Amino acid sequence: MIFKWVGDGRPYPDHGLSQREWAAIPPRQVRLDQLVTTKRVLALDVLLDEDSTFYGDLFPHVVDWDNTLYLEDGLHRAVRAALQQRNSIHARVHVLQQPQQGVDPATIAGSRLGASPR
């Protein structure tokens, strides 16, 4: 099997990262067999297009949520690497923190801004 799991959809909350914020994350090597896909379908024309890596980010986007690596963007690059018999890719990995149990996220945000919780 190429991937750890073939998923359908994003089980994690929206991270809200812009393309510029993704670009600020340095790429690191990730094994394909550690990735869970967030898409079940891959457009064959995108996979076979020689210019498919010309537009957008050169590195796939991976979200680390609850100690699981989700391939959010760049499925065609990961499949292309597997077809070239590579077992890893370089990807930008964003670690998405879970809210602490019993703590209101608004309170955490307010404390970061210097506001005192009521």
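## Strand 4 and its partners

Strand 4 (residues 61–65) and strand 6 run parallel and are joined by five bridges. Strands here are DSSP runs of E with at least two residues, helices are runs of H or I with at least four residues, and both are numbered from the N terminus. Two strands count as paired if DSSP finds at least two bridges between them.

Five of the five residues of strand 4 are buried, where buried means under 20% relative accessible area, exposed over 50%, and partly exposed in between (1.4 Å probe, protein chains only). His 61, Val 63 and Trp 65 point one way from strand 4, while Val 62 and Asp 64 point the other way.

## Basis of the model

This is a predicted model, in which local features need pLDDT of at least 70 and side-chain atom pairs count only at pLDDT 80 or more, while totals for chains, interfaces and linings use all residues. Residues are numbered from 1 along each chain as its sequence is written, and side-chain values use heavy atoms, with hydrogens and water left out.

## The sheet and the whole chain

The chain has four helices and six strands, and from the N terminus on its elements run β-α-β-β-α-β-β-α-β-α. The six strands form an open sheet of mixed pairing, in the order 1-3-5-4-6-2. Strand 1 and strand 2 (27–31) are the edge strands, each pairing on one side only. Strands of a sheet pair through backbone hydrogen bonds, either parallel or antiparallel.

Of the 118 residues in the chain, 36% are buried. The chain exposes about 8,200 Å², and carbon and sulfur atoms supply 51% of it; accessible areas come from the Shrake-Rupley method with a 1.4 Å probe, and for residues only the protein chains shown count as cover. Among contacts (heavy atoms within 4.5 Å) with a separation of 6 or more, 84% are between residues 24 or more positions apart.

Helix 3 (residues 75–83) is mostly covered, with eight of its nine residues buried. The buried residues are Leu 75, His 76, Arg 77, Ala 78, Val 79, Arg 80, Ala 81 and Ala 82. Their cover includes strand 3 (35–37), helix 2 (44–48), strand 5 and strand 6 (88–96). Just after helix 3, Gln 85 takes a positive phi of about 65 degrees.

Arg 92 is found in strand 6. Arg 92 is buried, with a relative accessible area of 10%.

## An aromatic pair

The structure has one aromatic pair. Rings of Phe, Tyr and Trp (its six-membered ring) pair if their centres lie within 6.5 Å; planes under 30 degrees apart count as stacked, over 60 as edge-to-face and the rest as tilted. Tyr 12 and Tyr 70 form a tilted pair, 5.5 Å centre to centre and with 50 degrees between the planes. Tyr 12 lies in the loop between strand 1 (5–6) and helix 1 (19–23) and Tyr 70 in strand 5 (residues 68–73), so the pair links parts of the chain 58 residues apart. Both tyrosines are buried.

## Salt bridgesThree salt bridges are found in the whole structure, each being a side-chain nitrogen of Lys or Arg within 4 Å of a carboxyl oxygen of Asp or Glu. The side chains of Asp 8 and Arg 40 meet in one of them (4.0 Å, N to O). Asp 8 lies in the loop between strand 1 and helix 1 and Arg 40 in the loop between strand 3 and helix 2, so this pair ties together parts 32 residues apart in sequence. Asp 8 is exposed at 61% relative accessible area, and Arg 40 is exposed at 54%.

Arg 10 forms a salt bridge with Glu 72, the closest N and O atoms being 3.8 Å apart. Arg 10 lies in the loop between strand 1 and helix 1 and Glu 72 in strand 5, so the pair ties together parts 62 residues apart in sequence. Glu 72 is buried, with a relative accessible area of 7%. Asp 33 and Arg 31 also meet in a salt bridge (2.8 Å, N to O); Asp 33 is partly exposed at 34%, and Arg 31 is partly exposed at 37%.
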